[in-house]
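Subject: Structure handover and notes

Hello,

Here is the structure for your files. My notes follow below it.

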Amino acid sequence: MAKLNILYASEMGNAVDVADNIYLRASEQGIDAEQFEMNDVSMEDLQDMTKVLVVTSSTGDGDLPMMGEDFWDVLSQTNINLEGLEYSVCALGDRSYFNFCGAGKKVDVRMSELGAKRVADRQDCDRDIVGADEWAETAIENLGF
Ligand SMILES: Cc1cc2nc3c(=O)[nH]c(=O)nc-3n(C[C@H](O)[C@H](O)[C@H](O)COP(=O)(O)O)c2cc1C
């Protein structure tokens with residue numbers, strides 16, 4: 001069975017909580033899942049992945065948290081082909097910021113531009129992680145697990 005790869009970037013821990021919850025849910029379903037801090041994933045690693053859930057909060061002005069900055073720098077510049085990859089994004093943010101969920105939005109757009117197939121609409125969470133569980137349930141199912 002394919003592996004579920006959970007890529008996360010967090011500043012204060014909310015996105016880590018969402019990633020942990022996905023991992024727990026997947027494990028309970030008998031899915032082979034692994035969590036990765038975003039910066040630990042190279043483009044070669046990403047190309048080898050077929051099922052990916054991305055969880056990122058936003059910091060600064062719609063920027064990736066520090067643990068996802070390097071990943072984003074490379075992803076935004078690369079021209080790798082991600083046609084073999086299915087994914088969905090959970091974006092954490094706060095509507096009081098101008099660039100609401102900006103980090104998750106740009107990762108979602110970029111992965112699609114590189115050919116990856118979005119299997120579930122992006123979930124935008126306002127301030128907390130409400131909605132992330134329902135999103136994870138749908139996304140895992142749509143990934144074919
Ligand atoms: C300094 C700072 C900058 C932020 N900038 C944004 C932003 O540009 N857009 C947004 O939607 N949320 C922004 N947020 C809100 C966080 O993304 C939100 O609180 C999120 O739940 C934090 O998740 P985390 O604990 O995983 O980092 C910002 C929060 C802080 C503290």
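How do the residues of the lining of the largest pocket divide into nonpolar, polar and charged? The lining has six nonpolar, ten polar and three charged residues. Here Ala, Val, Leu, Ile, Met, Phe, Trp, Tyr, Cys and Pro count as nonpolar, Asp, Glu, Lys and Arg as charged, and the others, Gly among them, as polar.

First, the ground rules. This is a predicted model: local features need pLDDT of at least 70, side-chain atom pairs count only at pLDDT 80 or more, and totals for chains, interfaces and linings use all residues. Residues are numbered from 1 along each chain as its sequence is written, and side-chain values use heavy atoms, with hydrogens and water left out.

The pocket
The largest pocket holds about 370 Å³ of space. A pocket is an open set of points on a 1 Å grid over the protein atoms alone, where a 1.4 Å probe fits, with protein on both sides within 12 Å along at least five of seven lines; lining residues have an atom within 4 Å of a point. The volume is the space filled by probe spheres set on the points, which are joined across faces, edges and corners. The lining counts 19 residues, and the closest to the pocket centre are Ser57, Ser58, Gly93, Asp94 and Tyr97. Helix H1 (14-28) and strand S4 (86-93) each give at least two residues to the lining.

The fold
The chain has five helices and six strands. Helices (H or I, at least four residues) and strands (E, at least two) are DSSP runs, numbered from the N terminus. Their order from the N terminus is β-α-β-α-β-α-β-α-β-β-α. The C-alpha atoms fill a box of roughly 40 × 35 × 25 Å along the principal axes. Of contacts (heavy atoms within 4.5 Å) between residues at least 6 apart in sequence, 81% join residues at least 24 apart. Of the 145 residues, 48% count as buried. Buried means under 20% relative accessible area, exposed over 50%, partly exposed in between (1.4 Å probe, protein chains only).

The cores
A nonpolar core is a set of buried Ala, Val, Leu, Ile, Met, Phe, Trp, Tyr and Cys residues joined through side-chain atoms within 4.5 Å. The largest has 24 residues, and Leu7, Leu46, Met49, Phe71, Leu75, Leu85 and Met111 have the most contacts inside it. Elements that each supply at least two of its residues include strand S1 (4-9), helix H3 (66-77) and helix H4 (102-113). Apart from that core lies another, of 23 residues, among them Ala15, Ala26, Ile31 and Val55. Beyond four places in sequence, the residues that Leu7 touches include Phe36, Val41, Leu46, Met49 and Phe71.

Ala15
Ala15 sits in helix H1. Ala15 counts as buried because its relative accessibility is 0%. Leaving aside neighbours within four places, its contacts include Tyr8, Val55, Ser57 and Leu92. Asp128 is 113 residues away along the chain, yet the C-alpha atoms of Ala15 and Asp128 are separated by 9.5 Å.

Two positive phi values
Cys101 is not a glycine, and its phi is near 55°. Cys101 lies in the loop between S4 and H4 and is buried, at 1% relative accessibility. Arg127, also not a glycine, has a phi of about 75°. Arg127 lies in the loop between strand S6 (123-126) and helix H5 (132-142). Is Arg127 buried or exposed? Arg127 is exposed, because its relative accessible area is 57%.

Best wishes
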